[in-house]
Amino acid sequence: MGQASFDLRVWDAVSLIPFGQLATYGQIAEMIGAYGCARQVGWAMRRLPLPSKVPWHRVVNAKGMISMSLSREGSDWMQRQMLIAEGILVDAEGHLPLRRYLWRPQLSDQGLLLGMAQEGVSSGRFISAQDNH
């Protein structure tokens, strides 16, 4: 499976996260059948072309924090503001109440993504979302 295919599967999974809810990088990795690949999910998110309808800002680390870094060129602060706009409390250091807002996907969502992972395909959801810009 190539990098582009992996990225599309990550973006498909992230597209399912509902408004006002959060997922972790590891949770997205597990949903697409890439167990233990949280860091790779983070890199796929970094490659997401912006602007995008994929709700990238709803993905946080397992510590319940926005991953703050100078290399993010300000997108960490954009992420904070976008989450606050969705009603998710985020402090100045990027801490948030992960347990309260953690997304618990439907089994049908998980089954769809796992099936696509086994086939190495994307649903195309990302492509159609990007075309709407």
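Leu16 is buried, at a relative accessible area of 18%; buried means under 20%, exposed over 50%, and partly exposed in between, with a 1.4 Å probe and protein chains only. This is a predicted model, where local features need pLDDT of at least 70, side-chain atom pairs count only at pLDDT 80 or more, and totals for chains, interfaces and linings use all residues. Residues are numbered from 1 along each chain as its sequence is written, and side-chain values use heavy atoms, with hydrogens and water left out.

Leu16 sits in the loop between α1 (3-15) and β1 (23-24). Helices (H or I, at least four residues) and strands (E, at least two) are DSSP runs, numbered from the N terminus. From Leu16 to Val54 the C-alpha distance is 8.7 Å, across 38 residues of sequence.

Gln27, in helix α2 (residues 25-31), is also buried, at 16%. Leaving aside residues up to four places away in sequence, Gln27 touches Leu22, Leu102, Trp103 and Pro105, a contact being heavy atoms within 4.5 Å.

Now the charges. How many salt bridges does a search of the whole structure find? Two, counting a side-chain nitrogen of Lys or Arg within 4 Å of a carboxyl oxygen of Asp or Glu.

Asp7 pairs with Arg47, closest N and O atoms 2.8 Å apart. Asp7 is in helix α1 and Arg47 in the loop between α3 (38-46) and β2 (59-60), so the bridge ties together parts 40 residues apart in sequence. Asp7 is buried at 4%, while Arg47 is partly exposed at 34%.

Arg58 and Glu86 form a salt bridge at 2.9 Å, N to O. Arg58 is buried at 10%, and Glu86 is buried at 12%.
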